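Visitor: I would like to learn how to read a structure. Please take me through it step by step.

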Amino acid sequence: MTWLVWRQHRNQAYVAAAALAAFAVLLLVTGRQMASQYRSALSSCAVSHTCGNLANTLSLGTPVLSLLVTLTVVVPCLLGVFWGGPLVARELETGTSQFAWMQSITRSRWLTVKAGWALLAAAAWGGAVSALVTWWSSPVNALNHQNFQPSQFDIQGIVPAGYAVFAVALGIAAGTLLRRTLPALAITIVVFTFLRLVIGQDVRQHYMTALTRTYKFLHHPVLPTGSYWRVSAGLVGPGGQIPGGQSHVAGLTLSMNGLPVSVSSLPSACRVLAFQGPVKFFACLTAHGYHGLFLTYQPASRYWAFQGIETGIFVLLAAALIAVTAIVITRRDA
Amino acid sequence: MMASTDPDVIQTRGLSKRYRRVTALSEATISVAEGRVSALIGPNGAGKTTLLRVLAGLARPSGGEVTVLGGTPRQDPAFLARIGFLAQEIPLYRRCTAEDHIGIGAHLNSGWDGTSVRRRLESLGIPLDRAVGTLSGGQRAQLALALTLAKRPQLLLLDEPVAALDPLARRQFLAHLAEAVAGGGLTVVLSSHLLADLERVCDHLILLAASRVQLCGDIETLLAEHQVLVGPRKDTTAIERDHTLVHAVRTARQTTLLIRRSGPVADPAFETADVGLEELVLGYMGQLAGPAPAHLTAIGEDQ
């Protein structure tokens, strides 16, 4: 059966291997340059005692390269579309499943071997792309501490492998249920994107109870160290926390002591003072019952725990989809 | 006549298959003994494909019993190894070559006879190294049959395999099939519209119409049991009481009856004639064929 899978899909494997190799060469070359650029910047800033400000003065890589690396976020979805969607649907469409199922092999074994290799390949390719991106980004991570932020969290570490496995399983299940390739591809894209957004924006922050720090006005806030993830931040008002900026309020945000505050949430009397110096402004806020600022965050030390939990969720979802597929394949009329 | 003691390879009792609102097969009871080549005949939508798919285990019956090769059709390598099924669409991997298919078969079957496929294709001049999608329909059908036979099945189920073929390809296909049958140990059920083709290779008949089995038995026996009666226009109540009337055509002067006999026909006013396979089939399908002029009004029995 493995022989059949390889015979059917070897061209796909060659194309994917070539694409991965090209990507690897690009990242290895530019990643080495970036790493040496960072090392020399570190040694020169150590001489001039300006390393504390390095994040603001040094920029690593080129915008095009950063964009390319950011775009690897779509790799799992592409694998789901090109490998998962057609895997069963194409065979049902062309009737070749009937040829396979009338050989001396059970449908469950047919599915196990096919899906097994596809999922393994998804994990390998998703994992390889992510490993390259993670390695490439290590100077940037050290410099900017952004790797717990969603845009980086989603393309580094082990989660991309989990996403890829899930996307391929989703493609297989959609193709099996719909029996047609194109609708299966559309469903794969829509469901995958929807689930990733919901989990990334609303579920991930609750994997562990977030920590909160509060700061008094006019005191310089001691922010958490390392690559922490700022879940929410803003003012502590008379009625409790008022989150500002950070994906919750579009429009104007005003940075106070490094923490975002949305202008629209301020009392109108204070709003006019916002740009007239901090002393008057904070006095106004205090007079209106505002106590200070807060920061809710996931500390950097939880990064790998979060990677593990998120990967686990997507792998479990993939397993459930494959189980449904197996039931449908073996029970439904061919 | 063949020995009626051959064990049954296929046996169904009250078999039915429903798809949501449509009944594809209803109360089908058939038996096919070992070594028979059975013609599965019926108009479009009569349930031929459904019956074959249930026998192959590709579809599950909604009711009734089905026994194939001593067991229920199931997803089990030992059962599947003994069944050959060729679907109407002749599904093959279009981008793979014949040689690839031989390789696939070798990996998915024990007791695979790849040599027979190569020999067969070479004798027909079908290239082994070209993508199957580039072969003609006849060549693909030949390849598919050769691949199905390479499993060395005990039961071969063929769903209208010659429907799309030109007369020459059809003849070659049936010759190929006849050769496989002559090798012995093979039971075949072959569905088709083309009665003339079936008559050459088949010795057993299953007639389906309107999702029901109308006839099932050895062709020789069925032909001997039926008779055409031609006589003057007169009351036929007596004949209908003694025999089973299948079909009648009555004109102003003449009555033509197709009956299933329950003994000799006593009425001297009627001339008796043997019935051919085509007359028999068409009679059951509700149209009397043969020499009767076309302008005569046929009064069919409701089936």
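Guide: Start with overall size. The radius of gyration is taken over C-alpha atoms, and the globule rule is 2.2 Å times the number of residues to the power 0.38. For 334 residues, a compact globule would have a radius of gyration near 20 Å, but chain A has 25 Å. The C-alpha trace of chain A spans about 85 × 50 × 30 Å along its principal axes.

Visitor: Before we go on, where do the model and its numbering come from?

Guide: This is a predicted model: local features need pLDDT of at least 70, side-chain atom pairs count only at pLDDT 80 or more, and totals for chains, interfaces and linings use all residues. Residues are numbered from 1 along each chain as its sequence is written, while chains are lettered from A and ligands numbered from 1 in the order in which they are written.

Visitor: How many helices and strands are in chain A?

Guide: Helices (H or I, at least four residues) and strands (E, at least two) are DSSP runs, numbered from the N terminus. Chain A has twelve helices and six strands. Chain B has ten helices and 13 strands.

Visitor: Where is confidence lowest in chain A?

Guide: Chain A averages 88, and 94% of its residues score at least 70. Confidence is lowest in strand E4 (residues 253-256) of chain A, at a mean of 56. It is highest in helix H8 (residues 159-178) of chain A, at 97. Over residues 246-253 of chain A the pLDDT is below 50. Where pLDDT is low, the predicted coordinates should not be read in detail.

Visitor: What percentage of chain A counts as buried?

Guide: A residue is buried if 20 or more other C-beta atoms lie within 10 Å of its own, exposed if 12 or fewer, and partly exposed in between; C-beta atoms are placed from the backbone. In chain A, 34% of the 334 residues count as buried. In chain B, buried residues make up 44% of the 303.

Visitor: Why does Gln254(B) count as partly exposed?

Guide: Because Gln254(B) has 14 C-beta neighbours inside 10 Å. It is found in strand E12 (residues 254-260) of chain B.

Visitor: Which residues is Gln254(B) in contact with, leaving aside neighbours within four places in sequence?

Guide: Two residues are in contact if their C-beta atoms, placed from the backbone, lie within 7 Å. Gln254(B) touches Val230(B), Pro232(B) and Arg233(B) in this way.

Visitor: How is chain B divided into domains?

Guide: Domain bounds come from an automatic or database domain assignment. Here they give domain 1 (8-210) and domain 2 (223-285) of chain B. Their C-alpha centres lie 35 Å apart. Six residues of domain 1 of chain B are in contact with five of domain 2 of chain B.

Visitor: How many residues of chain B are in contact with chain A?

Guide: The count is 24 residues of chain B, in contact with 20 residues of chain A. H3(B) gives the most to chain B's side, with six residues. That side divides into 14 nonpolar, six polar and four charged residues. Ala, Val, Leu, Ile, Met, Phe, Trp, Tyr, Cys and Pro count as nonpolar, Asp, Glu, Lys and Arg as charged, and the others, Gly among them, as polar.

Notes. pLDDT is the predictor's confidence in each residue, from 0 to 100.
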